[in-house]
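Keep the viewer open as you read.

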Amino acid sequence: MRWEELSSDQFPAAVKQCEGVCLVALSVIERHGHHLPLGTDMYEGRELLKRAAALEPALIFPDHILTQIPEARHCPGTISIDGDLILRLLDNVCREIARNGLKKIVLVNAHGGNRNLLAFFNELQLYGPRDYVIYVTHPYTNTRGALEVPWEPASDGHAGPGETSMMLAIRPDLVARQQIPSDDESKAREHLQALKAVGVQTGIWWYADYPTHYAGDARPATAEIGEQLLDAAAQQLAQAIKAIKADTETRRLLDEFYAGSQQQ
Ligand SMILES: [Zn+2]
């Protein structure tokens, strides 16, 4: 069930029915090549949560689109919020969710660039006691390579055949197939090779390889595969929700840790 669709009167019973588990899809508004909409991650995240919660009940938080995306600031339509505000906003959102009685908050990554942000945000939880637990999961990447697909899974990337297939399943009216390039635009530009060869990264690394935010030839995409990809990720997320409902160990360890860290 979706948070915004409940009445205030219905809310407490919904919290109980979901065993205090709230799902937050972390997406972003950014360019997805020439053929997909700016809100691709938002649509994918929303659909994934809907399918997962149908398998294992959990409350679905409204779309959370204000996450990291400085690497697309050169692309029209990108919404790129300041880094410190992203962290403060996410922390505030989690505190609001917990204040409403949902003490298990599942941050579901729906945008590749959020991986490092979420790992860091999770570590920030250790600074002080909280009455809720944050769980982070990456269902799309966790299920990558699990299905038979008519492309090389390692070559699939941003706005590539996987994402295009999912959008063909969710909102085919927003996919402009005729705009998919037929040249090498989806291939890495392979700039900065001298630095990469010695294990050095810079902040411009993504732009250096994929300036149009398109990685992996999207032409073999189909709605049928999109359905399968969404279902596989939803099943993975439903299993995660089940394990999170059963989990009491994280709470116990956090309380032990908080008690110890406050004595210093
Ligand atoms: Zn995307």
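What follows goes from the whole chain to the sheet, and then to a few single residues.

**The chain as a whole**

This is a predicted model. The chain holds ten helices and four strands, and along the sequence they come in the pattern α-β-α-β-α-β-α-β-α-α-α-α-α-α.

How does the radius of gyration sit against that of a compact globule? For 264 residues, a compact globule would come out near 18 Å, and the chain, with 19 Å, agrees with that. Along the principal axes, the C-alpha atoms of the chain fill a box of roughly 55 × 40 × 30 Å.

Of the 264 residues, 49% count as buried. The accessible surface of the chain is about 13400 Å², and carbon and sulfur atoms account for 54% of that area. As for charge, there are 25 positive and 35 negative side chains, with the centres of the two sets 4 Å apart.

The contacts are worth a look too. Take those between residues at least 6 apart in sequence: 79% of them join residues at least 24 apart.

**The sheet**

The four strands make an open sheet in the order β2-β1-β3-β4, with parallel pairing. β2 (59-60) and β4 stand at the edges with a single partner strand each, so one side of each has no neighbour in the sheet. In general, strands of a sheet pair through backbone hydrogen bonds, either parallel or antiparallel.

| Strand paired with β3 | Bridges | One of the bridge pairs |
|---|---|---|
| β1 (residues 21-26), parallel | six bridges | Ala25 with Val108 of β3 |
| β4 (residues 133-137), parallel | five bridges | Lys104 with Val133 of β4 |

Is strand β3 largely enclosed or left open by the rest of the structure? Six of the six residues of β3 (residues 104-109) are buried, so the strand is largely enclosed. Lys104, Val106 and Val108 point one way from β3, while Ile105, Leu107 and Asn109 point the other way, and all are buried. Note that the buried set includes Lys104 and Asn109.

**Two residues with positive phi**

Most residues other than glycine have a negative phi. Glu19 is not a glycine, yet its phi is positive, at about 55°. You'll find Glu19 in the loop between α1 (11-17) and β1.

Ala159 is also a non-glycine residue with a positive phi, this time about 60°. Ala159 sits in the loop between α5 (139-142) and α6 (161-170). Is Ala159 buried or exposed? Its relative accessibility is 0%, so Ala159 counts as buried.

**Around Trp206**

Last stop: Trp206, in helix α8 (residues 205-209). Buried means under 20% relative accessible area, and Trp206 has 16% relative accessibility, so it counts as buried.

Which residues does Trp206 touch, leaving aside its neighbours within four places in sequence? The contacts of Trp206 are with Glu71, His158, Pro211, His213 and Ala215.

Conventions. Residues numbered from 1 in each chain as written. Predicted model: local features only at pLDDT ≥ 70, side-chain atom pairs only at ≥ 80, totals over all residues. Heavy atoms only, no water. Rg over C-alpha atoms; globule rule 2.2 N^0.38 Å. Buried < 20%, exposed > 50% of the residue type's maximum accessible area, 1.4 Å probe, protein only. Contact = heavy atoms within 4.5 Å. Areas by Shrake-Rupley, 256 points an atom, 1.4 Å probe, with all protein chains shown as cover. Lys, Arg positive; Asp, Glu negative; His and termini not counted. Charge placed at Lys NZ, Arg CZ, Asp CG, Glu CD. Pairing = 2+ DSSP bridges.
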